[in-house]
Amino acid sequence: MLDVRGLRKEYKRHLAVNDLTFNVQPGEIIGLLGPNGAGKTTALRCIAGILRPTGGEVFINGFDVVQDQARAKANLAFVPEVPALYELLTVEEHLKFIAMCFKRMDLFESQKETLLSRYRLSDKRNELVATLSKGMRQKLSVACALIHDANVLLFDEPLIGIDPEGARELKDEITRARDAGAAILISTHLLDTAEKLCDRLLIVQRGILRAQGTVAELREQFGTADQSLEDIFLSITAEDSPPVLSA
Amino acid sequence: MHPLIFLAVRSFLNGIKRAFSNVRRLIGVLFFFGYFGLILFRPFQKGPTFRKLSPTNDALVLPPVNTLEPYIFAVFAVLSLVLSLGVFSGKVVHRAADVDVLFPTPINPKLVLAFNIVREFFFTLLMPFFFIVIGGRGSMEGVEYLFRNFPQYGSYFLRVGMGSWILLALMWTMIGFAVRLFLNRDWKKPAQVRWAVALAVVGLPILFIILLAFSLRDNLTGYTVTGALGSPLAKIAFWPATLATATVMAPLNSNLLYGTLGALGLLVCTGLGLWGAMQQATWMYDQAATRGNEAGNISSMQKKGDTFGVLAEYARQGKIKQNRISKWIAAKTLVGAPAFIWREAILQFRGGIWQYVALSIAAFALTGVATFGSTRISTGASYLFIIMQAASTFMLATAGAQIGFVETLKRVDVLKPLPYSPNITVFWEVISKAIPAALVVVLTSVVAGCFQPRLWNEAITLVFVLPSYSLLLSSTTMLSTLLFPDVDDPTQRGFRSFISMIAQVFGTVPGIICFFAAFALHIPLPWVIPVLVPLQIGLAFGLSFISGNFFANYNPSE
């Protein structure tokens, strides 16, 4: 469903993502872990078709995200870490705009009340995005991602800035989407959430995939049975030299 | 409805609706529409027209059409060269929301690019057309009056001239989009690519100018230059100007075929530029997400007058280095509220104000030498000296204050928790913004006094009076900034500048009255000091106190 092959992204002389290869199957949640500056957001943006990969390929439902953007993105949803939204649209208009972009007005009509109420946005439906708090914006961004029933979902730090109730709701939503057959990729710093929510984990550092597998597999490979994910994560990302491009 | 049209229409309508939610926003909107309404409807009002002027007034005496062409060509050549140089500056600007919301959708990137072009350039390129059509009537009367000896010129000249200019600008805008998307790709050797493109775009015109300067170095007259501009080489080197000139000349020499070809040529080149940009639409997302957003931030901050925000963005990009003066100031310590002055000094010097100050001093010194170089000092020179110094204070103080107070609004979360009342915070903010201008004018007054001792009375008076004047200007700007604090609202920004200007003019009135009275009553100028200085400081303190109350209630989230 989501197939990433040798993904590489350079910014001038900085190598942000280097030869990243993995796939996410239907009904699977993958956690993308890594320290700050590991290239997680860059990788997600390449997969979402926002950044153009320097090398490698990304296939969504079999469509190349560079060569066949429209079809690749038709079933994709992306929730950025700090979503920048259209300030002069109301909450409901924002949902409608996304549904229009994905040509899923049927879902907008049937799903909007459920989503607005689930994310406590019902009473804000006619308010401009400009007036929303940071947490409410995050919730709206999540609602926008879910309005068109995508089967590949990308979340960049989705739980940051959301209150506990909203966080619980979002985690349930992600699990529901997984159970419905969606392929989900989540970038996060919250290791305990990743451990509970994700079926497999990818640990990247300085753009390189350092380890991948289930928590049990990672324990087996990098630690002992009684070690926490935090210990394993810290041991994997303890030291490394940055991959720098040759002049 | 297409989602992009929905986005544009809803954003526009919600923006207007939002303006009615707040009195301050509403005032700004009314001012905005009132201003443009005046431009649009003024020509329809009855009033004296050019036709009612005396027939003895001079009409324009034009040379024959054929000799007019090189001048028109020269104007378009210069315009075209300037516009072509503009294609290398800046980046393709996108809004952050485009990157996060629009780009991950399956909408065709070419459509998104076209939407972006229309959104960014509607006002700059299409609105002038609107003004020509509706507001051009009054101007047309003037043009027709000037051309009344040549009625066949006047009826078309303005419209066709403006139309050609806009077509030329549109063409370079589209080419600019294509060129910028090309230049900002992930090139391994971007400098070489930039040079190659620059050579392709402006190489020929610049080569022509060099050749022209070289060939005419011994015989540079208007006649030889116009002769050279009529040559085939000039027509090729400045081909966009050739097309624009053909369009303008059509109604004058009745050669409609050439005119049509010229306009079509410009339109075809516009289309080619657009096509070139469209072919690179997939690169647009990448550039917008990486570098374009930086350009968008800077552009947005420049519009808001957030100069320190722009500098901070440049600093993030590594374009601003620390200088010795700011490091030296940073090593000093000022305890309590005067620390505001310390912070301001560091920011100003790190932000490059020292260059501005140095330029001001240099400019003043040059003018001073020219004006006061003689041994005799007339009353006129005395007036001039005072006016020049007051004008310098006005420019420096208002510029510094307008830049600085936007920063004050943005840093309200840092300033409010400090252990000072809002009035004290505002007062020290006002003082800190007034100091750079005060220092410059004190320094230049002392220098002028030393250089020309006969002006010592004026100099010593200004040394005392101008710092308090700077303080008063700073406080008026602070008040108008806090009255209309929404930096994101363009209408409110415009209105704030307008109110600020009026307030600053009022702030100048006490000084004008005192100096005028001193000159009229032949009172020695230093007597102005004990009257004007306390008055200006008192007014500044009062205005700061009022501003303090607004600052206490200021909430950036509103």
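# Briefing: chains A and B

Chain A holds 9 helices and 10 strands. Chain B has 22 helices and 0 strands. The model is predicted.

**Chain make-up**

- Chain A has 247 residues, and 48% of them are buried.
- Of the contacts in chain A with a separation of 6 or more, 68% are between residues 24 or more positions apart.
- Chain B has 558 residues, with 34% of them buried.
- In chain B, 77% of the contacts between residues at least 6 apart in sequence join residues at least 24 apart.

**Six-stranded sheet of chain A**

- Six strands of chain A form an open sheet with mixed pairing, in the order 6-7-8-3-9-10.
- Strand 6 and strand 10 (208-213) of chain A are the edge strands, each pairing on one side only.
- Neighbouring strands in this sheet are turned against each other by 15 degrees on average, direction ignored.
- Strand 3 (residues 28-33) and strand 9 (residues 200-205) of chain A pair in the parallel sense, over 4 bridges.
- I30(A) has R200(A), in strand 9 of chain A, standing opposite.

**Four-stranded sheet of chain A**

- A further open sheet, of 4 strands, has antiparallel pairing and the order 2-1-4-5 (chain A).
- Strand 2 (14-24) and strand 5 (63-64) of chain A each have a single partner strand, so one side of each is left without a neighbour in the sheet.
- Strand 1 and strand 2 of chain A pair in the antiparallel sense over 7 bridges.
- L2(A) stands opposite V24(A), which is in strand 2 of chain A.

**Helices 3 and 4 of chain A**

- Helix 3 (residues 91-101) and helix 4 (residues 105-118) of chain A have axes that come within 8 Å and cross at roughly 145 degrees.
- The crossing of helix 3 of chain A with helix 4 of chain A is right-handed.
- Helix 3 of chain A contributes E92(A), L95(A), K96(A), A99(A) and M100(A) to the contact, and helix 4 of chain A contributes M105(A), L107(A), F108(A) and K112(A).
- By class, this contact between helix 3 and helix 4 of chain A has 6 nonpolar, no polar and 3 charged residues.

**Contact between the chains**

- The contact takes 30 residues from chain A and 27 residues from chain B.
- On the side of chain A that touches chain B, at least two residues each come from strand 1 (2-11), helix 2 (69-73), strand 6 (76-79) and helix 3 of chain A.
- Helix 3 of chain A supplies the largest share of that side, 4 residues.
- The residues on the side of chain A that touches chain B divide into 21 nonpolar, 4 polar and 5 charged.

**Helix 11 of chain B**

- Helix 11 (residues 256-279) of chain B has 24 residues and should span 34 Å at 1.5 Å a residue. Its end C-alpha atoms are 34 Å apart, which agrees.
- Buried residues in helix 11 of chain B include G259(B), G262(B), A263(B), L266(B) and C269(B). G273(B), L274(B), A277(B) and M278(B) of helix 11 are buried too.

**L472(B), in helix 20**

- L472(B) is placed in helix 20 (residues 456-483) of chain B.
- L472(B) counts as buried because 31 C-beta neighbours lie inside 10 Å.
- Leaving aside neighbours within four places in sequence, L472(B) is in contact with G507(B), Q536(B), L539(B) and A540(B).
- Q504(B) is 32 residues from L472(B) in sequence and 8.3 Å away in space, C-alpha to C-alpha.

**I529(B), in helix 22**

- I529(B) is found in helix 22 (residues 528-553) of chain B.
- I529(B) counts as partly exposed because it has 17 C-beta neighbours inside 10 Å.
- Not counting residues up to four places away in sequence, I529(B) touches T461(B), F464(B) and V465(B).
- I529(B) and I460(B) are 69 residues apart along the chain, and their C-alpha atoms are separated by 9.3 Å.

Conventions:
Residues numbered from 1 in each chain as written. Chains lettered and ligands numbered in written order. Predicted model: local features only at pLDDT ≥ 70, side-chain atom pairs only at ≥ 80, totals over all residues. Axes fitted to C-alpha atoms, helices over the stretch in contact; angles between N-to-C directions. Left-handed = near helix turned anticlockwise from the far one by under 90°. Contact = placed C-beta atoms within 7 Å. Nonpolar A, V, L, I, M, F, W, Y, C, P; charged D, E, K, R; others polar. Expected span 1.5 Å × (residues − 1). Buried ≥ 20, exposed ≤ 12 C-beta atoms within 10 Å, placed from the backbone. Pairing = 2+ DSSP bridges.
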